[in-house]
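These are my notebook entries on one chain. I set down what I looked up, entry by entry.

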Amino acid sequence: MPWDSDVDVHVSADTMHFLASYYNMTIHTCRTEHAPRGKNYMLEVNPKWVNSSPEDSLNTIDARWIDMLSGVFIDITAVHRTPKKPSMMFCKDDHHYRLKRVCVKEADLFPLRDSVFEDRPVKIPYNYAELLQQEYGRVSLTRTRFAG
């Protein structure tokens, strides 16, 4: 991706609760034409995910989807509703919206759009262009190489 060096995934707090309750530390095998025998991935949920405070700087990542062969992982962070403004949502990881401490409106996220990432179907935020510009600037929509 030209705007960041890694992949981050956000899920709703309800979804994170479900994952933590039923799928924490489970192993999943994914078979593709490139890996017909399959690759194993483990879902690891941080027990501190329920603390939504951005001040808990040692627990900013709520879960990880880990390739068990290479150790490469995707960070997963829960999106929480803002207690005083139920129509607003926030992430505790402070990775997104860090500079402006912007709260994301639910309408910016939902309904999710269908898209493709690295030849795989994915869901992306409804207002993805504005969200990328808020965090990475206007060039994030035209740059094709990551400058690190």
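I first looked up D75 and found it buried, with a relative accessible area of 10%; buried means under 20% relative accessible area, exposed over 50%, and partly exposed in between, with a 1.4 Å probe and protein chains only. I note that this is a predicted model, in which local features need pLDDT of at least 70, side-chain atom pairs count only at pLDDT 80 or more, and totals for chains, interfaces and linings use all residues. Residues are numbered from 1 along each chain as its sequence is written, and side-chain values use heavy atoms, with hydrogens and water left out.

Entry on the D75 pair. I found a salt bridge from D75 to R64, with the closest N and O atoms 2.7 Å apart. D75 lies in strand β5 (residues 73–82) and R64 in strand β4, so the pair ties together parts that are 11 residues apart in sequence. For salt bridges I required a side-chain nitrogen of Lys or Arg within 4 Å of a carboxyl oxygen of Asp or Glu. R64 is partly exposed, at 28% relative accessibility.

Entry on D62. I placed D62 in the loop between β3 (39–45) and β4 (63–67). D62 forms a salt bridge with K92, the closest N and O atoms being 3.0 Å apart. This pair links distant parts of the chain, since K92 sits in the loop between β6 (85–91) and β7 (104–105), 30 residues apart from D62. I recorded D62 as buried at 0% relative accessibility, and K92 as buried at 1%. The side chain of D62 also reaches the backbone nitrogen of A78 at 2.7 Å. I listed the contacts of D62 (heavy atoms within 4.5 Å), not counting residues up to four places away in sequence; among them are M16, W49, I76 and K92.

Entry on the remaining charged pairs. How many salt bridges does the rule give? I counted four salt bridges. One of them joins the side chains of K123 and D114, at 2.5 Å from N to O. I noted both K123 and D114 as exposed.

Entry on cysteines. The disulfide count is zero, taking a disulfide as a pair of cysteine sulfur atoms within 2.5 Å. C30 is partly exposed at 37% relative accessibility, whereas C91 is buried at 15%.

Entry on backbone angles. I checked for positive phi in residues other than glycine and noted M25, with a phi of about 65°. M25 lies in the loop between α1 (13–22) and β2 (26–30) and is partly exposed at 45% relative accessibility. E118 has a positive phi as well, near 50°. I found E118 in the loop between β8 (113–117) and β9 (120–124), exposed at 65% relative accessible area.

Entry on the whole chain. I counted three helices and nine strands, in the order β-α-β-β-β-β-β-β-α-β-β-α along the sequence. Buried residues make up 28% of the 148 residues. Of the contacts with a separation of 6 or more, 43% come from residues 24 or more positions apart. The accessible surface (Shrake-Rupley method, 1.4 Å probe) comes to about 10,300 Å², and carbon and sulfur atoms hold 54% of it.

Methods:
Helices (H or I, at least four residues) and strands (E, at least two) are DSSP runs, numbered from the N terminus. A polar contact is a pair of N or O atoms within 3.5 Å; within protein, one must be able to donate a hydrogen and the other to accept it, and residues adjacent in sequence count only if both atoms are side-chain atoms.
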